[in-house]
Amino acid sequence: MYIQGSAYSQTVAYKNNANSSCKQNVESTNTAGDKVSISEEAKRMAQKMGASEQTDLPLEEYRLPEWYSEYHPPCTKLDPKIGQKTDMEKEMFIQRHDRELSEYNAMLQSAYREICDKYNISKFSDYAQYSDTKIENEFRQILSQNAGVENLMEELNVSKKL
């Protein structure tokens, strides 16, 4: 993308008054010579991106299936209550198992992405076409192909078993 600009300036000046409070004085100037040029390649890319992007979906469409949360370690699940103090035991567990959590989460995300790609799932309502059991079983099968995943699940206290 090629962008050409010229002659834009902004001046910001702070002045203290007698009461030591600050005032902000902003002056902007824009000349008639300001110009932006976008290359043909950038225009084509912008059109492709616009054509492939979805419109904003309702918040519910970004949900994950219920069964997916059962594969997450308990230390990553939040149940905050107003005024509740931080669970230091959970925090210590997270710190002690940082590498294992990163490795396991990468395995989870990879398996989930593979399922979404295979079934062309891009929003929550896409799951309605398929059996939860079928998709979860296939997810479990993909996840189990990762070496050491069962050891990580046990070490991280994941309740769901493969």
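Biologist: The expected span of a helix is 1.5 Å times one less than its number of residues; what span should α5 have, and how far apart are its end C-alpha atoms?

Modeller: The 13 residues of α5 should span 18 Å, and the end C-alpha atoms of α5 are 18 Å apart, so the two values agree. The model is predicted, so local features need pLDDT of at least 70 and side-chain atom pairs pLDDT 80 or more, while totals for chains, interfaces and linings use all residues. Residues are numbered from 1 along each chain as its sequence is written, and side-chain values use heavy atoms, without hydrogens and water.

Biologist: How many helices and strands are there in the chain?

Modeller: The chain has six helices and two strands (DSSP runs, H or I of at least four residues and E of at least two, numbered from the N terminus).

Biologist: In what order do the elements run from the N terminus?

Modeller: The order is β-β-α-α-α-α-α-α.

Biologist: What share of the chain is buried?

Modeller: Of the 162 residues in the chain, 22% are buried (under 20% relative accessible area with a 1.4 Å probe, protein chains only; exposed is over 50%, partly exposed in between).

Biologist: Back to α5, then. Which of its residues are buried?

Modeller: Ile 135, Glu 136, Glu 138, Phe 139, Ile 142 and Leu 143 are buried in α5.

Biologist: Where do they sit around the axis of α5?

Modeller: They lie on the same side of α5, because they cover an arc of only 165° around the axis (taken from the directions from the helix axis to the C-beta atoms).

Biologist: Changing topic: how many salt bridges does a search of the whole structure find?

Modeller: The search finds seven salt bridges (a side-chain nitrogen of Lys or Arg within 4 Å of a carboxyl oxygen of Asp or Glu).

Biologist: Which residue does Glu 70 pair with?

Modeller: Glu 70 forms a salt bridge with Lys 160, and their closest N and O atoms are 3.1 Å apart. This pair connects distant parts of the chain, 90 residues apart: Glu 70 is in the loop between α2 (66-69) and α3 (88-96), and Lys 160 is in the segment after α6 (149-155).

Biologist: How accessible is Glu 70?

Modeller: Glu 70 has a relative accessible area of 33%, which means that Glu 70 is partly exposed.

Biologist: Is Glu 136 buried or exposed?

Modeller: Glu 136 is buried, because its relative accessible area is 12%. Through salt bridges that share partners, Glu 70, Glu 136, Arg 140 and Lys 160 are joined into one network.

Biologist: And Glu 103, what is its partner?

Modeller: Arg 99 is the partner of Glu 103 in a salt bridge, with the closest N and O atoms 3.1 Å apart. Both residues lie in helix α4 (residues 98-119), four residues apart, about one turn of the helix.

Biologist: How accessible are Glu 103 and Arg 99?

Modeller: Glu 103 counts as partly exposed at 33% relative accessibility, whereas Arg 99 is exposed, with a relative accessible area of 53%.

Definitions and conventions: The expected span of a helix is 1.5 Å times one less than its number of residues.
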